[in-house]
Amino acid sequence: MKRKVLSAFLIAAMTLSMAACGGGNGGSDSTGGDSAPAADEAEDTDDAEPEGDADSGELITVGYAQVGAESDWRTANTESFKSTFTEENGYKLIFDDAQQKQENQIKAIRSFIQQEVDYIVVAPVVETGWETVLEEAKEAGIPVILSDRMMDVSDDSLFEAWVGGNFVLEGETCGDWIAEYLEDQGRGDEEINMVTIQGTIGASAQVGRTEGMANKLKEHSNWKMLDMQSGEFTQAKGQEVMESFLKSYDDIDVVICENDNEAFGAIDAIKAAGKSCGPDGDIIVVSFDSVKAAFESMIAGDLNATFECNPLHGPRVAEIIQKLEAGETVDKIQYVDESYFDTSMDLESILAERAY
Ligand code: AHR
């Protein structure tokens, strides 16, 4: 692995910029905060083919294997990396969009190895199937940092650290919120029919949120999960899945969407079917992420609640890299604190301060 020294000035600048970052929302953050607006200075490699030696003098070269551009959350995550890993901050970022395909990410990681980057960062599409390529990175002496979703690997020395949201907890928080909401509505003992529009099957955001909700389903014998299908974390697929649920079931009480974009599609499908949703509607709709558009949807009376998943991992990963550069140890698993938002809150004020 090539090691490059970041000047004391740049380290100080990074530290100051990270300290100045604020979440600006209801959730606190134990591992670093918000990032500045995107400065699109990164090198984009659509085909992930090697593009020569990534060596760039004093800069630390980071290859980021991103999932894709499937959601508002993902866009905010990409911007967080691009605005953090700038030349001004002492980095050269090689960015790859895998278009939600694991094979593209593996290809990108191999390209990063060939380019002899200093660090590889991966937001893995799915949890399994990474051992071989991570072994290759290890053999090349390139540290790998995982961000957002987790990998299921037998040897955890294959990566330095992971930073992201606690997806199981997000699912459980959602289940607890539904229970309290139904109780408040006087529906605590009613038979409640639910459907779930899942995320990409095998992604830890899907696995964890489904598991968290399943834990809460066990606590409520009057809740019935009628169906679960993947909406691939996209609005278009969320709409398609909801259309099919509405054709199959005429008595849906709650729709759980494993991200906000799926919820936007589901809401369109519900309205197109002549039904209503939200606090005053026929169907309760909840989702995950808490992007700005979800606040607009709650303010419009369509979405009931959204459970936060913070995408601003750029500064958190930079902090890990700086510690590794300084020879310090880093916590292997770093959860980000997250919150939730619903229509009982002052959403206009929260939205005005919202960073993503
Ligand atoms: O892994 C995080 C999830 O991926 C977000 O919930 C979703 O919007 C994104 O596509």
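The dialogue below walks through some features of a predicted model.

Colleague: Before we start, how are the residues numbered, and which pLDDT limits apply?

Modeller: Residues are numbered from 1 along each chain as its sequence is written. The model is predicted, and local features need pLDDT of at least 70, side-chain atom pairs count only at pLDDT 80 or more, while totals for chains, interfaces and linings use all residues.

Colleague: How many helices and strands does the protein have?

Modeller: Helices (H or I, at least four residues) and strands (E, at least two) are DSSP runs, numbered from the N terminus; here the secondary structure comes to eleven helices and 13 strands.

Colleague: What share of the residues is buried?

Modeller: A residue is buried if 20 or more other C-beta atoms lie within 10 Å of its own, exposed if 12 or fewer, and partly exposed in between, with C-beta atoms placed from the backbone. Of the 356 residues, 50% count as buried.

Colleague: Which residues have the most contacts inside the largest nonpolar core?

Modeller: In soluble globular proteins, nonpolar side chains tend to be buried together. A nonpolar core is a set of buried Ala, Val, Leu, Ile, Met, Phe, Trp, Tyr and Cys residues joined through C-beta atoms within 7 Å. The largest has 48 residues, and those with the most contacts inside it are V62, I109, Y119, I120, V144 and I145. A second, separate core of 44 residues includes I178, C277, V285 and A294.

Colleague: Which way do the residues of β10 (284–289) point?

Modeller: In a regular strand the side chains alternate between the two faces of the sheet. From β10, I284, V286 and F288 point one way and V285, S287 and D289 the other, and all are buried. Strands pair if DSSP finds at least two bridges between them; β9 (residues 254–257) and β10 pair in the parallel sense over three bridges, and V254 has I284 as its bridge partner in β10.

Colleague: Which elements each supply at least two residues of the shell around the ligand?

Modeller: A residue is near a molecule if its C-beta atom, placed from the backbone, lies within 6 Å of it. The elements α2 (72–84) and β10 each supply at least two residues of that shell, whose members include W73, R74, F288 and D289. The shell divides into five nonpolar, two polar and five charged residues, where Ala, Val, Leu, Ile, Met, Phe, Trp, Tyr, Cys and Pro count as nonpolar, Asp, Glu, Lys and Arg as charged, and the others, Gly among them, as polar.
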